[in-house]
Structures are given as C-alpha cells and as structure tokens.
Amino acid sequence: MYYALEAFPVSEEIWKSLNYTATDSEVSKFRQMHNAPWQQWQPMDDSFTLFKEETTLQVAALPPNHFDLIYFDAFAPNKQPEMWELPMLEKIVSAMKAQAVFVTYCAKGQLKRDLKSLGLVVESLPGPPGKREMVRAIKI
Ligand SMILES: C[S@@+](CC[C@H](N)C(=O)[O-])C[C@H]1O[C@@H](n2cnc3c(N)ncnc32)[C@H](O)[C@@H]1O
C-alpha cells in the first residue's frame, strides 16, 4: 500500500508528454497511476494499492506510528526550505512506525543532525547517478 502526498499535481498534458516509460507495460502502469482518482485507495495490481492525496504536507493529517517507509522527495532545501524544517520532519517521524525507514536524496548536515535529534539512526549512502550521497534514517 502506497500513500502519496502531492500538493500541485501536474496536468494531463504535462504527464502525457514525459518520457519516463519505455515498455508497453510501463506506459500502461504510468497511465493507470496518473488516471487513478484522488482521495481514495485504488488497486493498481495484485500487490500494489495506491492512495493519492492532493494536499500539502503541512495540512495532511498523518496517522501516528503508521508508515513503514518514507520516500521524501521534496524540492531541495534551498528551493523550499519549509519542507525540511524541524516541525515538518517531526510530523513525518511521528507518522513512522518503530524500525521504519526514511530515505531522501538530500544529504545536508543540518538534515542529518535534525533527524538524529528526533531519535533516528542516520546513515549516508552512495547516491544515485550524479549525486554523491543520500540519506537513510531508521526510527528506533
Ligand atoms: C522534487 S518534486 C518530486 C515529485 C515526485 N516525487 C516525482 O518524482 O515526480 C517535489 C514535489 O513536491 C510537491 N510539493 C510542493 N510543496 C508541497 C507541499 N507543501 N506538500 C506536499 N507536496 C509538495 C511539488 O508539487 C512536487 O511535485
């Protein structure tokens, strides 16, 4: 089950013009995810159910101790600093179960210190192509 938060969804015109998919099966999955209605659970296949919530992280009511894994893909701290401030991280960490994992492409020292201050065990890992480091943090 995958719960996704998106404040400003791209238009159909834009997502249809993206070249993120190669095979017919990827094209079909990509369309299915984009066409899925918002604000409700939708089965994508036998093992993947998606909920797309159109709201901001600031407004979203996240259930406590609920998520196993957080993919945090906000715009970079120098572009959207409010997404990386302690109250936002605190909100996310409260919504994580014990042993849950938080991952992000950002590897700034302040982020690592903030995650540690919230009780997470923080590691730096090799990043994807073009990125030296990424962060994985585990709630204990
Ligand atoms: C770096 S993009 C990642 C998008 C998506 N993960 C992807 O790979 O296509 C950051 C996303 O955060 C969304 N966003 C901006 N402000 C937000 C907020 N306050 N709460 C939730 N999402 C927000 C933007 O609209 C944008 O789609």
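Mentor: Let us begin with a convention: Ala, Val, Leu, Ile, Met, Phe, Trp, Tyr, Cys and Pro count as nonpolar, Asp, Glu, Lys and Arg as charged, and the others, Gly among them, as polar. On that basis, the shell around the ligand divides into 6 nonpolar, 2 polar and 2 charged residues.

Trainee: Before we go on, what kind of model is this, and how are residues numbered?

Mentor: This is a predicted model, in which local features need pLDDT of at least 70, side-chain atom pairs count only at pLDDT 80 or more, and totals for chains, interfaces and linings use all residues. Residues are numbered from 1 along each chain as its sequence is written.

Trainee: Back to the ligand, then. Which residues surround the ligand?

Mentor: The ligand is surrounded by Leu 5, Glu 6, Ala 7, Phe 8, Thr 56, Leu 57, Gln 58, Asp 73, Ala 74 and Phe 75. A residue is near a molecule or strand if its C-beta atom, placed from the backbone, lies within 6 Å of it.

Trainee: Which domains does the shell around the ligand draw on?

Mentor: At least three residues of the shell come from each of domain 1 (2–53) and domain 2 (67–139). The domain bounds come from an automatic or database domain assignment. Taken over C-alpha atoms, the centres of domain 1 and domain 2 are separated by 24 Å.

Trainee: Changing topic: how many helices and strands does the protein have?

Mentor: There are 4 helices and 7 strands. Helices (H or I, at least four residues) and strands (E, at least two) are DSSP runs, numbered from the N terminus.

Trainee: In what order do the strands of the 3-stranded sheet stand?

Mentor: Those 3 strands form an open sheet in the order 1-3-2, with mixed pairing. Strand 1 (2–5) and strand 2 (41–45) are at the edges with a single partner strand each, so one side of each has no neighbour in the sheet. From one strand to the next the twist averages 30 degrees. For such angles, axes are lines fitted to C-alpha atoms, for helices over the stretch in contact, and angles run from 0 to 180 degrees between N-to-C directions.

Trainee: Do strand 2 and strand 3 run parallel or antiparallel?

Mentor: Strand 2 and strand 3 (residues 48–53) run antiparallel and are joined by 4 bridges. Two strands pair if DSSP finds at least two bridges between them. As an example, Gln 42 has Leu 50 in strand 3 as its bridge partner.

Trainee: And what is the order in the sheet of 4 strands?

Mentor: The order in that open sheet is 4-5-7-6, and the pairing is again described as mixed. Strand 4 (67–72) and strand 6 (120–126) are the edge strands, each pairing on one side only. The twist here averages 15 degrees from one strand to the next.

Trainee: How do strand 4 and strand 5 pair?

Mentor: Strand 4 and strand 5 (residues 96–104) pair in the parallel sense over 5 bridges. Leu 69 has Val 101 in strand 5 as its bridge partner.

Trainee: What about strand 6 and strand 7: how many bridges join them?

Mentor: Strand 6 and strand 7 run antiparallel and are joined by 7 bridges.

Trainee: Which strands does helix 3 lie across?

Mentor: Helix 3 (residues 86–95) lies across strand 4, strand 5, strand 6 and strand 7 (133–139), and runs at about 135 degrees to strand 5. Helix 4 (residues 109–117) also packs on the sheet, where it touches strand 5, strand 6 and strand 7, and its direction makes about 150 degrees with that of strand 6.

Note on methods
Contact = placed C-beta atoms within 7 Å.
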